Amino acid sequence: MKYDFLIVGAGLFGCTFSHLATKAGKSCLVIDKRDKPGGNLRCENIEGINVHKYGAHIFHTNDKEIWELVNSLVPFNRFTNSPIANYKGRLFNLPFNMNTFHQMWNVTTPSEATAKINSQRAEALERLNGREPVNLEEQALALVGRDIYETLIKEYTEKQWGRRCTELPPFIIKRLPLRLVYDNNYFSDNYQGIPIGGYNPLIEKLLEGAKCRMATDFFSEEFRQWRDLATTLVYTGPIDEYFGYRHGRLEWRTVEFKTRVEDVPNYQGNAVVNYTSRDFPFTRVIEHKHFESFGNTVYDNPHTVISEEYSTEFAPGMEPYYPVNDERNETLANDYRKLADEDKDVIFGGRLADYRYYDMAPVIRAAMEAFKKNNNIS
């Protein structure tokens, strides 16, 4: 059988493309190196808790069409992301809002908070003396001032990237939203939640009707002549690997997780706690049950599962997570994108193939647009 589409990668882009193609009457073969589909959305049930194996995934969007699509497949809960930052034992609400400013300076009104922020920003701008920031530290100080930067940004960012803030480009922090209201909702999107039962049921629904082969390597001898198997290739793996690293390897940061069961029903009282100082080697701790258990229901299960996240340098064999946003890698990525544009039988999409970090909703939108373009749908 020759398929309409060979889809390499059973992550969100590949699964969404498969769903759209199958609904349109197209045949799809979906393959993935991992033994189970879902990419980094894959969950694992431990002690009756759906554990986000590859880091916290919170669905949020203002795109009503996408929200209606995913909710037509599986029901979502009402989870609202309200992370906490721990700096040397002091706790701060995120994102930066009036609760944060009260905790930082004991101010109580928006005007007091504004005055405090502006006075510290003025010091940073005076040091710049009219020139543009040349690194992340200068950019952040000009945006939020020294207290917020040194408490909640500096050490956390350096743990994330493995580099000093003075060595990171300023465009990594283009803006830092400051909310002068008492609102701990991290996302401002209209729609937010987690699939009830975790992300595995959503992936299964997206793949209905497609032929799936897991533990299958696209770069094996079997797929060397992939055009004998399919009319069009949808490739969601690393773009530099597809082209045999001919221009060199793109750099990534990755994350390692240390997950354990705790014999308490409630370990930290929140789904996400960021550890912003160097006192702790991990960047944050996720307590997974809080994604789907609310209020006193967290005590229905006497155990809980937590994951410590450690940001580290990527090496071959590890899972790439975050593209390294510097001039060298962006230039290299553009070289590969030009090669991709010349390959007319291949659709490149997703985080790895685009060398861009995406939230989930934009990945779905990108898959929708790619399917429409391939099928000349306006």
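A residue is called buried when its relative accessible area is under 20%, exposed when the value is over 50%, and partly exposed in between, with a 1.4 Å probe and protein chains only. The model described here is predicted, so that local features need pLDDT of at least 70 and side-chain atom pairs count only at pLDDT 80 or more, whereas totals for chains, interfaces and linings use all residues. Residues are numbered from 1 along each chain as its sequence is written, and side-chain values use heavy atoms, with hydrogens and water left out.

His52 lies in strand E4 (residues 49-52), where strands (E, at least two residues) and helices (H or I, at least four) are DSSP runs numbered from the N terminus. With contact taken as heavy atoms within 4.5 Å, and with residues up to four places away in sequence not counted, His52 touches Arg42, Cys43, His57, Ile194, Tyr199, His288 and Phe291.

Asn301 is also buried, because its relative accessible area is 18%; this residue is found in the loop between strand E13 (284-287) and strand E14 (304-313). A polar contact is a pair of N or O atoms within 3.5 Å, of which, within protein, one must be able to donate a hydrogen and the other to accept it, and residues adjacent in sequence count only if both atoms are side-chain atoms. The side chain of Asn301 reaches the backbone oxygen of Glu47 at 2.7 Å and the backbone nitrogen of His303 at 2.9 Å. Apart from residues up to four places away in sequence, Asn301 touches Glu47, Gly48, Ile49, Pro265 and Lys289.

Two strands are taken to pair if DSSP finds at least two bridges between them. Seven strands form an open sheet in the order E7-E6-E12-E13-E14-E11-E15, with mixed pairing. Its edge strands, each pairing on one side only, are strand E7 (90-93) and strand E15 (322-323). Strand E6 (residues 84-87) runs parallel to strand E12 (residues 272-275), to which three bridges join it, and Ala85 stands opposite Asn274 in E12. Strand E11 (residues 252-262) runs antiparallel to E14, with ten bridges between them, and here Glu256 stands opposite Tyr310 in E14. E11 also pairs with E15 in the antiparallel sense, over two bridges, with Trp252 opposite Pro323 in E15.

Strand E1 (residues 3-8) and E2 run parallel and are joined by four bridges, with Cys28 in E2 as the bridge partner of Phe5. From strand E2 (residues 28-31), Cys28 and Val30 point one way and Leu29 and Ile31 the other way, and all are buried.

At least two lining residues each come from helix H9 (327-342), strand E16 (346-348), helix H10 (351-354) and helix H11 (360-374), and H11 gives the most, with five.
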